[in-house]
Amino acid sequence: MHTIGRINSEALQWLEAIPVHLWALSHDGGRRYGLMTTNISEVFNSVLKGACCLPVTALVQLTFFRLNGYFVARREVGANRLASAEQFTPYVDAQLQGRVVKAGSMEIVLYDHVKGLFHVKSRRGRTHRLNLHEKNCTCGKTLIYGFPCSHMIAACQHRCVDFRLFVEGYYSTQSYYNTWASLFHPIFNEDEWPLYDGPTIVPPDSLQRMGSGRPRSTWLHNEMDVREGKTSITCGLCKQPGHNRRSCLNRNQL
């Protein structure tokens with residue numbers, strides 16, 4: 001924050017007016033949901049990677065048809081899972097099955113059956129404390145991912161409690177189907193469009209690609225990425241840096 005304030009005081013004031021837990025991972029209460037980097041931005045960037053160089057009209061059409069394809073495919077998956085009475089999404093089902101197998105080799109010690117306090121020891125010797133009533137385990141995975149960890153599943157099986165009750169509602173098949181339930185309607189033929197009565201949009205000259213060579217990548221970089229830059233050139237004849245075989249001054253001497 002101090003660095004932002006030195007660069008732009010107005011940006012610092014704008015950030016300070018927003019509650020910190022809404023934009024800072026360090027103050028989100030532990031609910032990071034696996035997004036530790038700019039992964040969510042990189043997903044959008046990869047989806048539209050091949051459309052960046054298209055005209056605006058073609059870009060909008062490609063985005064429209066690609067989104068429609070996503071919604072149709074996932075809506076069909078959700079409808080099929082509802083018809084087969086599947087309770088959760090395929091991802092959560094696979095995760096729970098793996099954790100059930102892992103929970104079978106754990107040692108469980110009950111401390112309070114009223115409060116649901118347990119002491120769980122994994123096969124590797126690591127111990128964790130958990131509270132079933134508060135849906136809390138010291139490993140933190142239940143809070144982060146929204147479905148029970150293997151330690152909590154082991155405790156539920158020890159007390160004959162259905163561990164599926166600890167899965168958050170947004171992982172249900174109904175929520176999955178509702179997410180993709182919206183419909184896209186077919187686009188009319190261009191001859192049937194209403195006449196446009198508005199200004200003519202002309203792209204500025206600053207957006208035109210100037211010069212030759214490979215364009216710079218549009219990938220969203222962070223501190224974990226290697227920055228793009230010019231690599232040193234080594235001559236294939238004299239093995240000296242700074243020039244290539246064609247511009248080598250010692251070409252006739254070798």
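This is a predicted model: local features need pLDDT of at least 70, side-chain atom pairs count only at pLDDT 80 or more; totals for chains, interfaces and linings use all residues.
Student: What makes H7 largely enclosed by the rest of the structure?

Tutor: Buried means under 20% relative accessible area. Seven of the nine residues of H7 are buried, so the helix is largely enclosed. They are Ser150, His151, Met152, Ile153, Ala154, Ala155 and Cys156.

Student: What covers the buried residues of H7?

Tutor: The cover includes H5, helix H6 (141-145), and strands S1, S2, S3 and S4.

Student: What is the order of the strands in the open sheet?

Tutor: The order is S1-S2-S3-S4, with antiparallel pairing.

Student: Why are S1 and S4 called edge strands?

Tutor: Strand S1 (107-112) and strand S4 (136-137) each pair on one side only. That makes them the edge strands.

Student: How do you know that S2 and S3 pair?

Tutor: Pairing takes at least two bridges. Five bridges join S2 (residues 117-121) to S3 (residues 127-131), so the two strands pair. In S3, His128 is the bridge partner of Val120.

Student: Which residues touch the most other members of the largest nonpolar core?

Tutor: Among its 21 residues, they are Val92, Leu96, Leu130, Leu132 and Val167. Helix H5 (90-103), S2 and H7 each give two or more residues to this core. H7 gives the largest share, five residues.

Student: Which residues does Val167 touch, leaving out those up to four places away in sequence?

Tutor: Val167 touches Phe88, Val92, Leu96, Gly146, Phe147 and Pro148.

Conventions:
Residues are numbered from 1 along each chain as its sequence is written. Side-chain values use heavy atoms; hydrogens and water are left out. Helices (H or I, at least four residues) and strands (E, at least two) are DSSP runs, numbered from the N terminus. A nonpolar core is a set of buried Ala, Val, Leu, Ile, Met, Phe, Trp, Tyr and Cys residues joined through side-chain atoms within 4.5 Å. Buried means under 20% relative accessible area, exposed over 50%, partly exposed in between (1.4 Å probe, protein chains only). Contact means heavy atoms within 4.5 Å.
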